[in-house]
Amino acid sequence: MAERFNLIVLGGGSAGYAAARTAAELGASVAVAEQGPLGGLCILRGCMPSKAILASSNRLYHAQHAAEMGIEVGTLTPDLPAIIARKRRLVQEFADYRIGQLNAPEMTLVEGAAQFLSPERVQVGDRVLAAPKFVIATGSVPFVPKTPGLEEAGYITSDEALELEELPESVCVLGGGPIGLELGQFYSRLGADVTLLQRSSCVLSSEDEAVGTALAEYLREDGMDVRCATRLTAVEQRNGKKLLHLLQDDIESVIEVDHILVATGRSPALDGLNLAAAGVESTSRGIATDTAMRTSNPNIFAVGDVTASFDIVHVAIQQGEIAAHNALASGAPQYMDYRIVPIVIFTEPQYGRVGMTEKEARAKGLPIVTASYPFNDHGKALCLGETRGFVKMVGHAQTGEILGYQVLGPEGGELIHECIVALHYRATAQDFMRIPHYHPTLAEILTYPAEEIAEQVAGATP
C-alpha cells in the first residue's frame with residue numbers, strides 16, 4: 001500500500017528543504033525523498049566548502065604580500081590537510097543542522113533514490129509514496145566533456161578537489177566559469193602550477209568581455225597560465241602524468257600536468273527519475289518550468305539546479321518556497337522574478353553583478369548609457385592596497401533607471417548588494433547619487449558612475 005501525503009519533495013538540499021518547510025508551515029503532510037548523502041550540494045560539495053578553503057588560500061596570499069603594507073613576515077607554508085580538516089569541521093556542522101531540520105516531526109524523511117511510477121506515485125527503496133502534488137529538487141552533478149582519452153587518463157571534479165589533501169605540483173583546469181576560476185586560484189595561491197583552459201575568447205564568457213579580460217589578466221599577474229580560445233582535443237597518460245593536446249589559433253601544443261580538474265559546469269540530476277511516467281518534459285539543460293515553477297505536468301513542480309534556470313542557492317530557495325505555495329495554498333499564485341538575480345564569483349578580486357550587462361541591454365535594443373570607475377583611482381582602495389578592478393553602471397538613456405551594475409574589485413560580492421536594493425526599487429542614477437555614502441569607504445565608488453550617468457541623461461533631456 002502506498003503511503004499518502006499532500007506533497008512529496010524529491011531532494012533534500014536547499015531548494016527541496018525550502019519547499020518542504022513551506023509546505024509544513026501551510027499545514028500540509030509532506031515527505032522528503034533523499035538518496036543522500038544528507039545535507040545538499042551547497043553544504044556538502046558547493047558553496048560552503050569552497051568558500052571555506054578559499055578563505056585559507058586568500059589569507060596565505062595576503063600574508064605573503066604583507067611587505068607591501070610595511071609588515072615583514074617569515075616563511076609561510078600552507079598545510080593542505082589542515083585546510084581540508086577545517087573545511088570538514090565546518091561542513092559537518094552545517095550538515096548536522098540541515099539533517100536535524102529534515103528529521104523534524106512536521107515532515108517525513110525517506111532515504112533512497114526516487115523513481116516515478118505514475119504522476120501521483122514514486123518508488124523510494126521498498127516504499128511507495130503517493131501524493132497529488134510533487135516538487136522535484138534533485139540538484140545537479142558535474143558535467144564532464146567527452147574528450148578522447150579523458151576518462152582513461154583520469155580527472156577530478158570539484159567534488160574531489162574539495163577533498164584533495166596532497167597539493168599537486170601542477171593542475172590543468174578545464175573551464176573558465178566560477179568553479180574553475182575559484183578553484184584554479186585556490187591551487188595557484190597554495191603554490192601549484194596552474195593552467196586554465198577556456199574555449200571562448202575570454203573567461204566568464206556570459207559577462208561583458210571587459211570583465212573576463214580584466215580578471216584573466218589579474219590571474220596571470222598572480223602566476224596562473226590562463227589560455228583563452230583554446231580547445232582540448234585529446235588526453236593521454238604517460239609515466240604517471242597527464243598529457244593534454246591543445247589547439248589554439250590552429251597551432252597545436254602539449255602540456256603535462258599531475259591533475260586535470262574538470263570545471264565545465266554542472267548537469268541536472270535526472271537519471272533514474274523516470275520523468276516520462278510522470279508526464280514531465282525535460283532536456284539536457286534540465287526541466288523547463290514557468291515562473292510559478294510548474295513543469296509540463298501542472299501538478300508537478302521543479303526547483304533548483306534541476307531546472308533550466310540559475311544554479312544559485314538563494315534562487316533555488318525562493319523557487320522552492322514559491323513551488324510549495326503554488327502547489328498547496330489557496331488564493332493568488334506566486335511567481336519568480338529573475339530581474340534582480342545577483343551573480344557573485346569569489347575570486348580575488350571578487351565579481352558581483354545584478355541586472356543586465358551592457359551586452360544584454362544592447363541585445364534587447366534598449367537605449368542605454370554606461371559609466372565606469374576604476375578602483376586604482378579610489379581613495380579607500382588605495383589605502384587598503386586593493387586597487388584591481390572597476391565598477392560599471394548601465395542606465396536607461398532616457399529615464400536614468402539603473403538597469404544593471406557590475407563590481408569587479410575588493411569585496412565585490414558584498415558591494416553588489418546595495419545595487420540589488422537599487423534595482424529592486426527601480427532607482428535611477430539620479431536617486432543613487434543622492435544617497436549619502438560614508439567617506440572613506442569602498443562603497444563610495446558606486447556613486448561615481450551614477451553621477452556620470454545622471455549628467456548624461458540630464459544633458460540628453462530636451
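Helix H7 is followed by glycine 191, whose phi is positive, near 120 degrees. Helices and strands here are DSSP runs numbered from the N terminus, a helix (H or I) having at least four residues and a strand (E) at least two. This is a predicted model, in which local features need pLDDT of at least 70, side-chain atom pairs count only at pLDDT 80 or more, and totals for chains, interfaces and linings use all residues. Residues are numbered from 1 along each chain as its sequence is written, and side-chain values use heavy atoms, with hydrogens and water left out.

The expected span is 1.5 Å times one less than the number of residues in the helix. Is H7 mostly covered or mostly open? It is mostly covered, with 11 of its 13 residues buried. Buried means under 20% relative accessible area, exposed means over 50%, and partly exposed is in between (1.4 Å probe, protein chains only). Among the buried residues of H7 are Glu182, Gln185 and Arg189, along with Leu181, Leu183, Phe186 and Leu190.

Helix H4 (residues 80-102) has 23 residues, which should span 33 Å at 1.5 Å a residue; its end C-alpha atoms are 32 Å apart, which agrees. Buried residues in H4 include Leu80, Ile83, Ile84 and Val91, and also Lys87 and Arg98. What covers the buried residues of H4? The cover includes helices H1 (14-25), H2 (41-45) and H3 (47-64), strands S3 (30-34) and S4 (108-111), and H7.

**The protein as a whole**

Stepping back, the protein has 15 helices and 25 strands. The C-alpha trace spans about 70 × 70 × 45 Å along its principal axes.

Of the 462 residues, 52% are buried. The protein exposes about 20,900 Å², and carbon and sulfur atoms supply 51% of that area; accessible areas come from the Shrake-Rupley method with a 1.4 Å probe, and for residues only the protein chains shown count as cover. Contact means heavy atoms within 4.5 Å. Among contacts between residues at least 6 apart in sequence, 64% join residues at least 24 apart.

Valine 173 sits in strand S10 (residues 170-174). At 0% relative accessibility, valine 173 counts as buried. Leaving aside neighbours within four places in sequence, its contacts include Gly180 and Gly184, as well as Val194, Leu196 and Leu261. Gly180 and Gly184 are among the buried residues of H7. The C-alpha atoms of valine 173 and isoleucine 260 are separated by 6.0 Å, though the two are 87 residues apart along the chain.

Aspartate 222 lies in the loop between helix H8 (209-221) and strand S12 (225-227). Beyond neighbours within four places in sequence, aspartate 222 is in contact with Tyr61, Gln185, Ser188, Arg189 and Arg388. Aspartate 222 and proline 349 are 127 residues apart in sequence and 11 Å apart in space, C-alpha to C-alpha.

Aspartate 159 belongs to helix H6 (residues 158-161).

| Residue | Relative accessible area | Class |
|---|---|---|
| Aspartate 159 | 18% | buried |
| Aspartate 222 | 28% | partly exposed |
| Glutamate 411 | 41% | partly exposed |
| Aspartate 249 | 65% | exposed |

**Backbone points to check**

Most residues other than glycine have a negative phi, and most peptide bonds are trans. Aspartate 249, in the loop between strands S14 (241-248) and S15 (251-257), has a positive phi of about 55 degrees although it is not a glycine. Glutamate 411 has a positive phi of about 60 degrees and is not a glycine either; it is found in the loop between strand S25 (402-409) and helix H13 (412-424).

Which peptide bond at proline 37 is cis? The bond from glycine 36 to proline 37 is, with omega near -5 degrees, and proline 37 is in the loop between S3 and H2. A cis peptide bond also joins histidine 439 and proline 440, with omega about -5 degrees.
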